[in-house]
Amino acid sequence: MTEPMGRFSATSTISRGLEEAPVLRQGLGLTWLLAACGAGGRVVVPIVVQQAIDRGIVGSDDSIDVHMRFVVWCALIGVAAQLAAAVCQRAAIVRLGTRSEQALNDLRARLIGHIHRISLADHNEERRGALVARVTSDIETLADFFRWGGLAWLIDGTLMIIVAAVMLAYNWLLALIAIGISIPLFFVLRVVQRYLVAAYDRSRERNGNMLATVTELVSGAETIRAYDAGDMFAGRTQLAVKGRADSQIHANIIGAFLFPLGEVFSVVTIATIVTVGVAIGPTGGLTAGALVGFIFLTYRFLEPIAEFTEVLDQTQTAVAGLRRVLTVLDIPVGPPPPETPRPLPPGRFDIDIDDVTFSYRSRSDSSTSDDIVLDRVSVHIPAGQQVAMVGATGSGKTTLGRLIARLADPIAGDIRLGGVPLVLVDDAELRHRLVVVAQEPFLFDDTVLANIQFARPGATRAEVDRIIDEIEVRDWIDSLPDGLDTRVGERGDSLSAGERQLVALLRAGVADPDVLVLDEATSSVDALTEVRTSRALAKLAAGRTTIAIAHRLSTAARADRVLVLEGGRLVEDGHHDDLVQAGGTYQRLFDAWLSATST
Amino acid sequence: MSGAFLFGVCTVASSVAVQWVIDRVVVPRFEVGDVATSTIVAGCALIIGIGILRATGVVIRRSFAGMTQWRIAESLTNEVTERYIEQPASWHRRQSEGQLVARAGVDVDTTVGVMAPIPFALGTILMVVVAAIWLIATDVVMGVAAVAVFPVLMVANVMYQHRVDRHFDDAQQALGTFAGAVHESFEAVQLVKAYGAGQRETERLSHLAGVIRDARVRAVHLRGTFESLLEMIPSLTNIGLVVLGASRVQSGNVTIGELSGFIYMFTLLVFPLRLVGYALSELPHSYAGYARLRETLDDPFDPDPVAAIGTTTGDVAVRVAHVSFAHTGEPGPVVIDASVEILTGSVTAFVGPTGSGKSTLIDLLAGLLKPTAGSIDLVDGQRTVVFQEAFLFGGSVRDNVRVSEHLDDAQVWEALRLACAADFVSELPDALDTLVGERGVTLSGGQRQRIALARALARRPDLLLLDDTTSALDPATELAVLANLRSSLTKTTVVMVASRPSTIALADDVLFVEQGRIVAHGPHEQLMSEVDAYRHLVEAFETDRSRLPGTGDEFGSATRPNLGGVS
């Protein structure tokens, strides 16, 4: 069984879950009542059988006396009760089903909303799959629970209690025997169930392994062929496939024992009840009908136990899923929104970076000095200036760009836009006035137009057209098969890297921000697009404060001002023409770059 | 089958046993007042014995059914994956990877999914037949009344499953769409944040999630109705049987024990009948899965392009004669009448704009695609190709370099050194034993590409084909790798797709490809001076640099010593 500690956290998880999904609690009492009435229906038949046989048919070996009128009355009551129970059962199923689906839907929305508000640092690539799993498969474990387990708790649990009560009313001794035998059955089933769950876990893992191997075989088909490795991969795959089949068969055999165990226990119980019942005899206040009725009740009582052991595991899975979901809801949103936001000044504004230090939040609280990405950086950027930040990988230039865009907050120092501390700027206003164009711009699997309109959903086609002309990419749009309505494919795969950049620039154009933070692409782009991109960028940058995280030194050479970062520190600050002869970091970077790109 | 039979017979027998016990033990004890101990013991032994037998039947049936099911799944998956291995690249390019994986996984599972319940369903049907005969034999009137309910239950169940499945399928599909959208949205997180679109995204996704909810709520309504109905029908029948039974007892046609046994029997049959309905409703799914599998398995093999490649003699390593290529089902040819000879030991670069057909040319040389016209002859010996996207499989670095070749560690290290991968590999936690691939360490694109390169170099190939392989490396590493190639593998003929000016400059020979045609062939300098389109292209590669203020003269001559005349 679960340890006390675990049980405590399970209950607290459940109560926390109920808090997060209030829909679930509403009217739970009524649902339970309906379920109880529905379950009561299952007790009706054994009672009718008992009453009819016991009091309706009285007889000895030679003379049988049947009171038909009584039997019919019993039957009529039975039918009425059964009908009422059916109606209640339907209502209970529908109520629980609708409410749980609504609750899960609310939870999905809450999770997505929260995940979109947590810091980028919590969004790295390795965790993305996990976050998607929280919103999909973990919620699905809860949905499965409500579909089967929840209903079983509600109906079978109630049924067992009712049946036990009826049995106790009939004869407490026989009832205690039936209940007494069910306790070891429960524990035996739990043990088998435990093995079964382990076996299924293993087969799930092996199944994943098999699919991974097949995926490898399919995605590497060309290489496998080119390197004549077909036999080797066939061998690997067969091994994985056999492993999967073996584990499934193993789990299946364990599972095959689960159900019959209940069977064996119930026949033992019935035999015991018959023996004890016969021993007590009529003198003990027992009747033939009561004993017969008891036999049927025993079946009804033991029937749900096997199912219950399964339900218990499903419940554990669901609680684990819920716990993971709640853990995500506990990730603090970042950066935190200001309590009392201050508006940005109208028109252009200066940017002040004041003694800013940053380190990526490490899971363990102790951040060593190695984690420092930016170290006391201070810069004043006047409105309208074109700034390029350069430096080797890991110099901190990308991070500084992100801090200016408030995709993260510095751990020390502050950044002000037009004199207003960045942390006090309302997010909606900030996103309106400052736009980041990412290095590998993300495109949704939609049309070019829809991707551009992402910047401002209200933007009309005419407005988009105007921006297209403004940044001079009309010829490119016209070259697309369906113009603006061309679909870009998954992640924009139908477009080249350079073309995706163009969409991102159009997007930024539609947003019409005062400040443009530009994370330049590193990947090589075909020449024609390269020319277009540079031209579009120049048009877009005109009149705005532009901060480029430059990977190409040609960008730096065109900028009004170059900031050179090295190891998280600002080491040089000036114009390209001066820095290139200063004999410092910039000159070294520039020389290396020149020799690499020259022919 | 024997297990199923045992189960069927025992189910009927257990009912007979209960009836016997009631008639011989319970009733006499209460009506007559006494009963022999031996009868009680016999009765209990009968109930327990039959129960255990029935349980054994279940264990046997389920175990064997599982074994059959999963062994068949195993052979089906093997059959499908062997097909994948045997089909050449041209076939693979027409398929979607996800679909192929689904064939070997999900489709096989649904195909065999129907097998588990088949013995059970057969057993149940057998049991129902035996039980029906027994019920009718016990009492014709009651028997017929009870048996008449079976088909009603079966039909109601199949109807229910059929209808509810539609909603579940809808929900499943909606879940797929939702999961895809969530993934996309989280992938776009930076963009979403940059435009403050979190709220909008949440609303959009919630709307998609609502579709799942709606389909499931529809299913819940259906479920509520049918669950109650399917529970109610046998219960009402049971009550009816009691009334009918009472009158039959009155008329002396049945005993009280027979009546009880009858009702008990009926109760036992209800649950299996519902499962049979479930199994029947699974059949169409299973068939659909099998049909998809069959389609893949029956798809004829594409001809192997390698078989059509001839061998060259003398110092020609590659001879392409009037080769054209068009993708099946696509109108325009991708390669048009290409002819070229490449000398042994030379380095040749294919240069051209995006979509000009240079990668297709490499695929044709690599024997991955078969020319629609013309012939290809290649040097006899080891030929290897490295693709644009590096493929690493789950295994160690060593496995990935060796693949199926027997190489010792020294050879592996040497190959890694040539590919400029030795340094980072030696810094990996377990060096050569470090696991890479999906579940291994995370490597950058450039690192993956260098391991893939090492795999090719370890074979000391006579012909090495590189499909823009080195563009994933930074320029300095790229130059170093190519320099290593030149110095260590002097006999190797290298044919590569190149897009960086620095790479192109390293080649002895350049093939300029435009719109599927080889429009020019010669040394870089020659093409630069003679072919305008080529010069424009290479200059465009350099635009970035040529626009640098004040660098044209100062740095130009110094950094391009061996390529005078290029501006």
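Let me begin with chain B, where 46% of the 567 residues count as buried. Please keep in mind throughout that this is a predicted model. Chain B contains 19 helices and twelve strands. If one takes the contacts in chain B between residues at least 6 apart in sequence, 78% of them join residues at least 24 apart.

I turn next to the contact between the two chains. Chain B contributes 130 residues to this contact, and chain A contributes 128. Which helix gives the most to the side of chain B that touches chain A? That is helix H8 of chain B, residues 198-250, with 30 residues. By class, the side of chain B that touches chain A consists of 70 nonpolar, 35 polar and 25 charged residues.

Helix H8 of chain B also has a partner within its own chain. Helix H6 of chain B, residues 140-187, packs with H8(B) at an angle of about 170°, and their axes are 9 Å apart. Angles over 145 degrees count as roughly antiparallel, and H6(B) and H8(B) are therefore roughly antiparallel to each other. The contact of H6(B) with H8(B) comprises 32 nonpolar residues, together with seven polar and seven charged ones.

We now move to chain A. Its domain assignment gives domain 1, covering 21-110 + 123-170, and domain 2, covering 351-360 + 371-597. Taken over C-alpha atoms, the centres of domain 1 and domain 2 of chain A are separated by 61 Å.

I would like to describe two sheets of chain A. One is an open sheet of six strands, in the order E8-E9-E10-E5-E11-E12, and its pairing is mixed. At its edges are strand E8 (434-437) and strand E12 (569-574) of chain A, each of which pairs on one side only. From one strand to the next, the twist averages 15°.

Within this sheet, strand E9 (residues 515-519) and strand E10 (residues 545-549) of chain A run parallel and are joined by five bridges. As an example, Leu518(A) has Ala548(A) in E10(A) as its bridge partner.

Helices lie across these strands. Helix H10 of chain A, residues 397-404, lies across strand E5 (386-390), E9, E10 and strand E11 (561-566) of chain A, and runs at about 145° to E10(A). Helix H15 of chain A, residues 497-511, lies across E8 and E9 of chain A, at about 175° to E8(A).

The other sheet is also open, with four strands of chain A in the order E4-E3-E6-E7 and antiparallel pairing. Here the edge strands are E4 (372-381) and E7 (420-421) of chain A, each pairing on one side only. Strand E6 of chain A, residues 412-417, runs antiparallel to E7(A), and two bridges join them. In E7(A), Val420(A) is the bridge partner of Leu417(A).

Finally, I return to chain B for a single residue. Arg103(B) is found in helix H4 of chain B, residues 97-113. Is Arg103(B) buried or exposed? A residue is buried if 20 or more other C-beta atoms lie within 10 Å of its own. Arg103(B) has 25 within that distance, and so Arg103(B) is buried. Beyond its neighbours within four places in sequence, Arg103(B) is in contact with Val80(B), Arg292(B), Leu293(B) and Thr296(B). Arg103(B) also lies 9.9 Å from Leu297(B), C-alpha to C-alpha, although 194 residues apart from it in sequence.

Key. Residues are numbered from 1 along each chain as its sequence is written. Chains are lettered from A and ligands numbered from 1 in the order in which they are written. This is a predicted model: local features need pLDDT of at least 70, side-chain atom pairs count only at pLDDT 80 or more; totals for chains, interfaces and linings use all residues. A residue is buried if 20 or more other C-beta atoms lie within 10 Å of its own, exposed if 12 or fewer, and partly exposed in between; C-beta atoms are placed from the backbone. Two residues are in contact if their C-beta atoms, placed from the backbone, lie within 7 Å. Two strands pair if DSSP finds at least two bridges between them. Ala, Val, Leu, Ile, Met, Phe, Trp, Tyr, Cys and Pro count as nonpolar, Asp, Glu, Lys and Arg as charged, and the others, Gly among them, as polar. Domain bounds come from an automatic or database domain assignment. Axes are lines fitted to C-alpha atoms, for helices over the stretch in contact, and angles run from 0 to 180 degrees between N-to-C directions. Angles under 35 degrees count as roughly parallel, over 145 as roughly antiparallel, 65 to 115 as roughly perpendicular and the rest as oblique.
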